[in-house]
Structure formats: structure tokens, C-alpha cells
Amino acid sequence: EHGCSVILTCRSWNKCNDAVSEIQTSNPQASVKGMILDLGDPESVRSLSKRVLEDIPKLDYLLCNAGIILPKEKKTNSNGWEITMAVNHLGHFALVGDLLPLLKSSKTRIVSHSSLAAHGIIKHPLNLDDWMWEKRPYQGLYAYAASKKANLLFVHEVNRRLGKFNITANACQPGISSTNIFEDFKVAAAHQNQITHRLGKMAMNALYGMLLRSQESAARPLVTAAISSDVNAYFGPIFLLHGPAGNIGNVLNPELLEKLDKFFWVGKFSRSTEEEAAKLWEMSVRATGVLG
């Protein structure tokens, strides 16, 4: 609608073509094309990056919004990475590293798509001593929450390390939206007896129904985070789960959570630290071989 040329990345041509057709049907003037990308496959990331560097002269926004959740069993990719961390964090990390020359010349804004799971649903979700779930029994909901916290830490470090190149980053969370990943999230929560034991299954289903947002509404924080003049900020529904999109605070410690701690949740919301962000970055560099 605002004249941007959009590149959609999908894991299959069928999904790409369907999405492109839907957009062009609703807006015939839209400049949009699809490219294949599987963030869980390092070779796919390298292939997409090579094509972008060859074909795209400028990249104003890089929206890192791919995400998966495994309700039950652990899976790994060809590198042996736990697949949720591979897709939700390391794939995006590798993509940014591979595209770095273009991001520098374009002064790109990066947006990382996090989730409320990074905060209060599971306390201290990211265990950097076992981030690939090699020592602990696998729990899909915890793995998802860990990857979503990694998204926030990543944004902080992008601004700290790449800001000198005029690359900036923000994060966002959509609230609760009617997407496939939300259905997987409910399955994982029920399977592991997280969340549901606090309020009961019937109460949670009623809450979901009241707070569920359309996909269009859930996408607004992502777009707002991209175009905002704020940096290192966290965007989402201003009432955490509903309301218009707005800046809800710094990516490490959103101010909104400070207020909600007093009455909304049992215990405290999970906080992040600069030391944790730096450690995750260095681990990600060793895993992917980029941004070192």
C-alpha cells in the first residue's frame, strides 16, 4: 500500500505462490515476489542469501518473523541443532550474517518477532548451558520460550554491535493470534501441563477466545517496529494481549512488565541481562560461523 517492494520467503513454492497471489488479488499494484527459504537448513539460508546479494540492491527492512514450536518430541537439523532454536534464532542469525554487506549499505532496520512466552509463561526459559537440549528431557514449550527470549537478546546485541554501521533493530510480540503456531502452542502447553494447571483448561479456553486477535491485528506490532524511529524497543499490544500496537519498553526489560508484576501473574516475569545477550551472541557466532 505504501509502495514498498516485498520479498516473501517460504519453505515451499506452493506456499509462496499462494501468498503472492493472495496479496496481488487484494492489491493488484503490489510489488511482491517469493523466494524459497528453510531457516532450519543452513544450506538453504546460504542459498537465499547469495541470491539476495546478487539480485537486491537495497534492503530497507529485514523482518525475522519465522517461527515453529514442537509440541512433543525433540528434532534436530543437519547440524545437530535443536530445530526450534535452529529456525527461530540461529537461522535468522545466520541470515543476518550472510547479508551483512547489504545490510550495511542499506542501513537496514531488523525486526525480530518474539513472544510473551519469553517472559512470564515460563520463568527463566533460556538455559545457555544446555541450549540444544542435550542434557535435559525435551520440553517443546520450554524450547519455544527459550528461542523467543533469544530473539530479544539478539536485538539488543544487533544494536550494540552493528549500530556503528547504522543497522538498527527492534523486537515485537503479537499477543495471542489465530495462527497455526498458536494451535501448536496450545498442544504443547496441554502436553506439558504448563499454563493450564494455573487457571484450568476451561478458563484458558475462555481466555483464548476473548483475547484472540486477527492475523492482521497481530501483524501490526511487526510493521510498527519496522517503521518506528525508536531503536532497541519492544512493540506489541499496549495492554500486553490486546489493544493497538505500541512501544512497550526496552527489549531486555519492558517497562510494562514491571507494572504487571504487581497484580497479573504468579511470581515475577523473566528478565534478561546484557551478559546473557553477549554470551548468546558468542555462542551463535561459534555455531553459525558468521558475525564474529
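# Chat about the sheet and the core

User: Hi! How many bridges join strand β4 to β5, and do they run parallel or antiparallel?
Analyst: Strand β4 (residues 109-113) is joined to β5 by five bridges, and the two run parallel. Strands here are DSSP runs of E with at least two residues, helices are runs of H or I with at least four, and both are numbered from the N terminus. This is a predicted model, so local features need pLDDT of at least 70 and side-chain atom pairs count only at pLDDT 80 or more, while totals for chains, interfaces and linings use all residues. Residues are numbered from 1 along each chain as its sequence is written, and side-chain values use heavy atoms, with hydrogens and water left out.

User: Good to know. What is the order of the strands in the open sheet?
Analyst: The five strands follow the order β3-β4-β5-β6-β7, with mixed pairing; two strands pair if DSSP finds at least two bridges between them. At the edges are β3 and β7 (245-250), each pairing on one side only.

User: And which residue is the bridge partner of V111 in β5?
Analyst: That is N170.

User: Which strands of the sheet does helix α9 touch?
Analyst: Helix α9 (residues 215-227) packs on the sheet and touches β3, β4, β5, β6 (233-237) and β7. Its direction makes about 155° with that of β4. Axes are lines fitted to C-alpha atoms, for helices over the stretch in contact, and angles run from 0 to 180 degrees between N-to-C directions.

User: Switching topic: which residues touch the most other members of the largest nonpolar core?
Analyst: I110 and L291 do, in a core of 57 residues. Such a core is a set of buried Ala, Val, Leu, Ile, Met, Phe, Trp, Tyr and Cys residues joined through side-chain atoms within 4.5 Å. Apart from it lies another core of seven residues, including C172 and F235.

User: What about V96, buried or exposed?
Analyst: V96 is buried, because its relative accessible area is 0%; buried means under 20%, exposed over 50%, and partly exposed in between, with a 1.4 Å probe and protein chains only. V96 sits in helix α3. Leaving out residues up to four places away in sequence, V96 touches L62, L103, I110, F154, L162 and L291, where contact means heavy atoms within 4.5 Å.

User: Last one: at what angle do α2 and α3 pack?
Analyst: About 30°, with their axes 9 Å apart. The contact includes V45 and L48 of α2 and G91 and A94 of α3.
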